[in-house]
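I am opening a notebook on this structure and will write down what I look up, entry by entry.

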Amino acid sequence: MAGFALKIKCKGGQNIVKGLTSQSTATELKKQLSDLFNLNPSDINVLSGFPPKPVDLSDSNITLEALGISSGDTLIVEEKLNCETKGKNSDGASKKMEQETQYAHIAESQLNCPGILLRKVVPSDNSCLFTSVGYVLSGKVDPTCGQHMRKIIAEAVRSDPETYSEAILGKPNKDYCSWIQKPDSWGGAIELSILSNFYGIEMAVVDTINAIVNRFGEDKSFAHRIFLIFDGIHYDPLFLEPLTPDGTIQTMFPVEDESMLEKARQLALEAQSSRQFTDVDKFTLKCLICQSFLKGQNEAQVHAKETGHMNFGEVAA
């Protein structure tokens with residue numbers, strides 16, 4: 001539980017709260033927030049989700065787990081309004097009005113923070129990189145888009161054997177072009193670079209192992225940037241969840257928007273601190289040719305050199 005961390009949004013910016021666990025109580029959470037923002041615990045409103053909804057902290061002994069709060073979640077903290085909207089109707093209208101009033105207060109105070117960068121989970125099917133790119137370009141999770149992207153990559157590599165030599169690809173150019181079009185072949189840096197150039201968009205990858213953001217196409221003067229997150233094995237797309245009730249999610253951003261790059265860097269640091277990554281020396285792979293099970297990246301590399309087998313699949317934990 002040492003890695004339990006929560007992202008806290010407030011009108012002054014954002015912070016990270018650590019030192020709690022899934023079994024910490026509502027009282028302990030409010031104490032942390034009280035110390036952080038110099039607020040009376042009874043004056044603290046905590047909201048989560050989208051649209052942001054109040055978290056009921058009235059039961060002082062209820063655990064964060066019971067409240068549905070997990071490590072890595074984002075909470076919005078506001079000081080309670082001076083007055084609450086009240087009404088005599090029992091049909092829920094007054095409650096709805098109260099929530100809208102609270103929400104308007106949040107939106108006003110978050111003008112310098114238009115949204116929260118979140119992960120969209122895509123299938124772990126060896127095509128997660130392509131599905132992720134497809135999502136940020138179209139707004140849809142479509143696992144079938146990988147086949148088209150694999151063909152794009154193969155054509156780019158085939159047409160430029162000088163750039164994409166065996167030394168770069170790790171195998172002869174012709175063999176790579178055949179390999180990458182197989183549905184069980186993984187994508188990585190080479191594939192990201194090619195797709196970035198093909199679509200004319202910078203692709204920024206949040207690396208949760210090293211807590212850095214790797215940018216593909218940053219030297220091309222592209223107008224827009226998209227974000228992915230990588231945990232050592234799996235890619236997911238990132239999107240901006242707006243804090244305005246009528247807002248829509250955003251997956252593409254102007255390259256001059258440094259605030260989004262900073263959000264991505266913070267996300268990388270937070271993910272690393274809460275160990276949201278896969279240890280590539282410990283995860284299990286399966287050779288899809290001879291069905292051997294291999295432990296970690298090094299065993300897979302040795303197996304590939306000894307047998308010539310290059311197709312591996314991730315084994316679910």
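I started just after H3, where Gly139 takes a positive phi of about 80 degrees; helices here are DSSP runs of H or I with at least four residues, strands are runs of E with at least two, and both are numbered from the N terminus. I note that the model is predicted, that local features need pLDDT of at least 70 and side-chain atom pairs count only at pLDDT 80 or more, while totals for chains, interfaces and linings use all residues. Residues are numbered from 1 along each chain as its sequence is written, and side-chain values use heavy atoms, with hydrogens and water left out.

Entry on the whole chain. I counted nine helices and 14 strands. Of the 317 residues, 43% count as buried, where buried means under 20% relative accessible area, exposed over 50% and partly exposed in between, with a 1.4 Å probe and protein chains only. Among contacts with a separation of 6 or more, 60% join residues 24 or more positions apart, contact meaning heavy atoms within 4.5 Å.

The buried ones are Cys128, Leu129, Phe130, Thr131, Ser132, Val133, Gly134, Tyr135 and Val136. I looked up what covers them and found, among others, helix H4 (145–158), helix H6 (173–180), H7 and strand E7 (202–207); strand E9 (224–230) and strand E10 (235–242) are also included in that cover.

Entry on Gly134. This residue lies in helix H3 and, at 9% relative accessibility, counts as buried. Gly134 touches Gly139, Lys140, Cys145 and Met149, leaving aside residues up to four places away in sequence. Gly134 and Cys145 are 11 residues apart in sequence, and their C-alpha atoms are 6.5 Å apart in space.

Entry on H3 and H4. I read a packing angle of about 100 degrees with axes 9 Å apart; axes are lines fitted to C-alpha atoms, for helices over the stretch in contact, and angles run from 0 to 180 degrees between N-to-C directions. H3 and H4 are therefore roughly perpendicular to each other, a label for 65 to 115 degrees, while under 35 counts as roughly parallel, over 145 as roughly antiparallel and the rest as oblique. In this pairing, Phe130, Thr131, Val133 and Gly134 of H3 meet Cys145, Gly146, Met149, Arg150 and Ile153 of H4. By class, the residues of this contact divide into five nonpolar, three polar and one charged.

Entry on H3 and H7. How are these two helices set against each other? Helix H3 (residues 128–138) and helix H7 (residues 189–199) pack at about 25 degrees, with axes 11 Å apart, and are therefore roughly parallel to each other. Leu129, Phe130, Val133 and Leu137 in H3 meet Glu191, Leu192, Leu195 and Tyr199 in H7. I noted seven nonpolar, no polar and one charged residues in this contact, with Ala, Val, Leu, Ile, Met, Phe, Trp, Tyr, Cys and Pro counted as nonpolar, Asp, Glu, Lys and Arg as charged, and the others, Gly among them, as polar.

Entry on Thr63. I found this residue in the loop between strand E4 (53–54) and strand E5 (74–79). Thr63 is buried, with a relative accessible area of 18%. Apart from residues up to four places away in sequence, Thr63 touches Ser22, Gln23, Ser24 and Thr25.
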